Amino acid sequence: MLRLTDVRKGFPVRSTGEELWAVDGVSFEVERGEILGIVGESGCGKSTTAKLIVRLEDASSGSIHLAGNELVGVSDRDLGWLRRTAQLVFQDPYASLNPRLRVGAAIAEVLRVHERTQRGKEERDRVNELLGLVGLSADFASRYPHELSGGQRQRVGIARALAVEPELLVLDEPLSALDVSVQAEIVNLLKRLRTELGLTYVFISHDLGMVRHLCDRIAVMYLGQIVEIGPWSQVADAALHPYTQALHAAVPLPDPELEASRESRPVPGELPDPANPPPGCRFHTRCPLAEDVCRRDDPPLVRLGTDHDVACHVVAREHGVCTDDLTAGGHPNQPDDPSERAEHP
Ligand code: SF4
């Protein structure tokens, strides 16, 4: 469904005239019907990656293939198909909804722009059908955004995205503005929609604890690069990269008593300036395992298990892989047969 190959996106830094590489050599693929989670701290490049996939930004180099079509460098005029294939769901649906438009009109607006239905009864029926799909009754069509809860607004945002019958939804932190109980409801909704409509998701989040409940595979980004990617069961429960392990340690435990008895363990140190990343492994300024080679050489992403890739000199060596002869930033191994990937319960 989606394949990114060595994608880079730079933004000019006015004060220095240099380039800030928000996304720096990212490669991954997403199978049709799969959910890939992309996690990392603020500023790691995950939201820029989301924008590149739906072409709100154009990549500086590399290749992005979506449903068999190249996106990079193609003029906007030739991307009409993209809006019908991939849709972005925003973090704050309130900001993306016109406060003066009732919910029904907001959904109908999308149907009209993309000429999906005839005005009148067909349009009203489709609006009601979309509301039903996201678990809202037809009564919601006459309400204004300010009359809705955060979870209801996010459901409307998803209904608007579904109005064009896309194959891929890119969800950029869709849960972060919601209460924990509402987050679980939206996760269940997304699971149901994936099954009913055969959708593919790229799910962006800073919360490793949340993506483990939804995603088939998880990619962890740090300062514009993927440092670990693999099945949720391995990245969530048997993380190998020191940064992923630090993210795990920072996830609050669901049991309040256990959480209170535990020492809070945020990821140590500060995120370096993305405009001036450290040489070698970008995580070496915060990594408890850093060695000389880490300060010198950028570790390549290497395959250390079934469909499980990690960019770390020390972890690779512990698995009997020498990183000396490999080039950083690429995928030295071909992806495994997707049918071998772990099913999410
Ligand atoms: Fe830490 Fe070195 Fe691995 Fe980077 S390469 S994560 S600094 S051990």
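This is a predicted model: local features need pLDDT of at least 70, side-chain atom pairs count only at pLDDT 80 or more; totals for chains, interfaces and linings use all residues.

**Around the ligand**

I began by listing the residues around the ligand: H241, P242, C281, F283, H284, C287, L289, A290, C294, C312, H313 and V314.

**C312**

I found C312 in the loop between β12 (308-310) and α13 (313-318). Is C312 buried or exposed? Its relative accessible area is 10%, and the cut-off for buried is under 20%, so C312 counts as buried. Which residues does C312 touch, once its neighbours within four places in sequence are set aside? I get H241, P242, P299 and P300.

**T323**

Next I went 11 residues along the chain from C312 to T323, and the C-alpha atoms of the two are 8.5 Å apart. T323 sits in the segment after α13. I looked up its relative accessibility, and at 9% T323 is buried too. Leaving out neighbours within four places in sequence, I have T323 in contact with P300, H313 and A316. P300 is also on the contact list of C312. What does the side chain of T323 make a polar contact with? The partner is the side chain of H313, at 2.8 Å.

Then I traced the strands. I count eight in an open sheet, ordered β6-β7-β8-β3-β9-β10-β12-β11, with mixed pairing. Which strands stand at the edges? They are β6 (86-89) and β11 (302-305); each has a single partner strand, so one side of each has no neighbour in the sheet. On average, neighbouring strands here are turned by 20° against each other, direction ignored.

I zoomed in on one pair: β9 (residues 217-222) and β10 (residues 225-231) run antiparallel, over six bridges. In that pair, I see Y222 bridged to Q225 in β10.

**Helices on the sheet**

I checked what packs on the sheet. Helix α1 (residues 46-53) does, touching β3 (35-39), β6, β7 (168-172), β8 (200-205) and β9. Its direction makes about 150° with that of β8. Helix α7 (residues 180-197) packs on the sheet as well, where it touches β3, β7 and β8. For α7 I have an angle of about 160° with the direction of β8.

How values were computed:
Residues are numbered from 1 along each chain as its sequence is written. Side-chain values use heavy atoms; hydrogens and water are left out. Two strands pair if DSSP finds at least two bridges between them. Helices (H or I, at least four residues) and strands (E, at least two) are DSSP runs, numbered from the N terminus. Axes are lines fitted to C-alpha atoms, for helices over the stretch in contact, and angles run from 0 to 180 degrees between N-to-C directions. Contact means heavy atoms within 4.5 Å. A residue is near a molecule or strand if one of its heavy atoms lies within 4 Å of it. Buried means under 20% relative accessible area, exposed over 50%, partly exposed in between (1.4 Å probe, protein chains only). A polar contact is a pair of N or O atoms within 3.5 Å; within protein, one must be able to donate a hydrogen and the other to accept it, and residues adjacent in sequence count only if both atoms are side-chain atoms.
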